[in-house]
Amino acid sequence: MRRVNGTALIVAALVATLGALSFPIWSYADRSGTGQANVDAGTVSTQWGPLTATDRDFVVKVRLAGLWELPAGQQAMERAPTRAFREAGDHLVVGHADLDRRARSIAAKLNIELPNQPTAQQQGWLNELSAARGLEYERKFANLLRNSHGKVFSLIAEVRHTTRNTLVRQLATDANQTVLDHIVMLERTGRVDFDGIADEAAGKLTASPTGPPAASNPVPPAPPASPSDGDLSFTSRPSAPGPSDISTSRPEPED
């Protein structure tokens with residue numbers, strides 16, 4: 001009996017030891033809850049590269065942007081308090097019609113279901129614009145749309161930086177050009193509240209600014225960033241066609 005009890009204790013100790021040794025290996029293999037696991041869980045394979053949940057969300061948001069910004073642009077063209085508002089509305093309609101066509105083409109290839117109605121928040125913005133008059137309308141149009149376009153920049157940058165899907169990457173490139181064009185045109189209305197935008201953004205900051213302190217005395221101008229001397233020939237030029245203009249010319253999407 002003593003030998004049996006002793007053997008049982010030895011076996012139990014060995015099992016406990018093996019369990020303790022294998023736990024780090026098991027826990028390392030099981031990466032559920034980590035960032036990489038979250039990405040992998042929502043990723044599917046396509047012939048154009050892996051398609052993540054973030055990729056799909058981006059395509060949906062391009063579609064949603066058009067569902068409210070295109071009618072907002074058309075409304076601005078109809079009201080047109082100034083030429084700048086009419087031109088901003090024109091760019092919104094043309095730009096989002098183009099992006100919507102590209103988003104729908106990509107969604108069909110990647111099997112992404114797209115919404116056909118704007119979100120409740122977006123519909124609320126459209127209702128605000130419809131109800132506003134005069135100067136109130138000008139301010140709401142310029143700032144609701146300028147703020148919306150400014151915030152989407154971070155998503156475009158993230159997707160353009162991280163996506164492994166060539167179709168999504170091209171859509172992000174196209175969206176970046178269009179969004180920047182719309183920002184420029186909205187700012188030309190003269191009604192964008194830059195202080196309000198800066199104050200809202202500052203209220204969401206969690207880290208201290210890392211830029212240099214404000215100078216109390218005049219500082220010498222910085223030298224230009226230029227290539228070192230050498231026998232080199234440069235052929236490229238800045239891409240914008242003119243001051244504050246954004247080139248949105250691009251090939252039609254392929255079916």
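Tryptophan 68 is buried, and tryptophan 125 is buried as well, where buried means under 20% relative accessible area, exposed over 50% and partly exposed in between, with a 1.4 Å probe and protein chains only. The model is a predicted one, in which local features need pLDDT of at least 70 and side-chain atom pairs count only at pLDDT 80 or more, while totals for chains, interfaces and linings use all residues. Residues are numbered from 1 along each chain as its sequence is written, and side-chain values use heavy atoms, with hydrogens and water left out.

A search of the whole structure finds three aromatic pairs, and rings of Phe, Tyr and Trp (its six-membered ring) pair if their centres lie within 6.5 Å, with planes under 30 degrees apart counted as stacked, over 60 as edge-to-face and the rest as tilted. The ring centres of tryptophan 68 and tryptophan 125 are 5.0 Å apart and their planes stand at 50 degrees, so this pair is tilted. Because tryptophan 68 lies in helix α3 (residues 53-79) and tryptophan 125 in helix α5 (residues 120-131), the pair ties together parts that are 57 residues apart in sequence; helices here are DSSP runs (H or I, at least four residues), numbered from the N terminus.

Phenylalanine 85 and phenylalanine 141 also form a tilted pair, because their ring centres are 5.7 Å apart and their planes are at 45 degrees. Phenylalanine 85 belongs to helix α4 (residues 83-110) and phenylalanine 141 to helix α6 (residues 134-162), so this pair ties together parts that are 56 residues apart in sequence. Phenylalanine 85 is buried, with a relative accessible area of 1%, and phenylalanine 141 counts as buried at 0% relative accessibility. Ring pairs link Phe85, Tyr137 and Phe141 into a cluster, and arginine 79 lies over the face of tyrosine 137, at 4.3 Å from the ring centre; a charge sits over a ring if NZ of Lys or CZ of Arg is within 6 Å of the ring centre and within 35 degrees of the ring normal.

Helix α7 (residues 166-187) has 22 residues, which at 1.5 Å a residue should span 32 Å, and its end C-alpha atoms are 32 Å apart, which agrees; the expected span is 1.5 Å times one less than the number of residues.

Key
Helix = DSSP H or I, 4+ residues; strand = E, 2+ residues; numbered from the N terminus.
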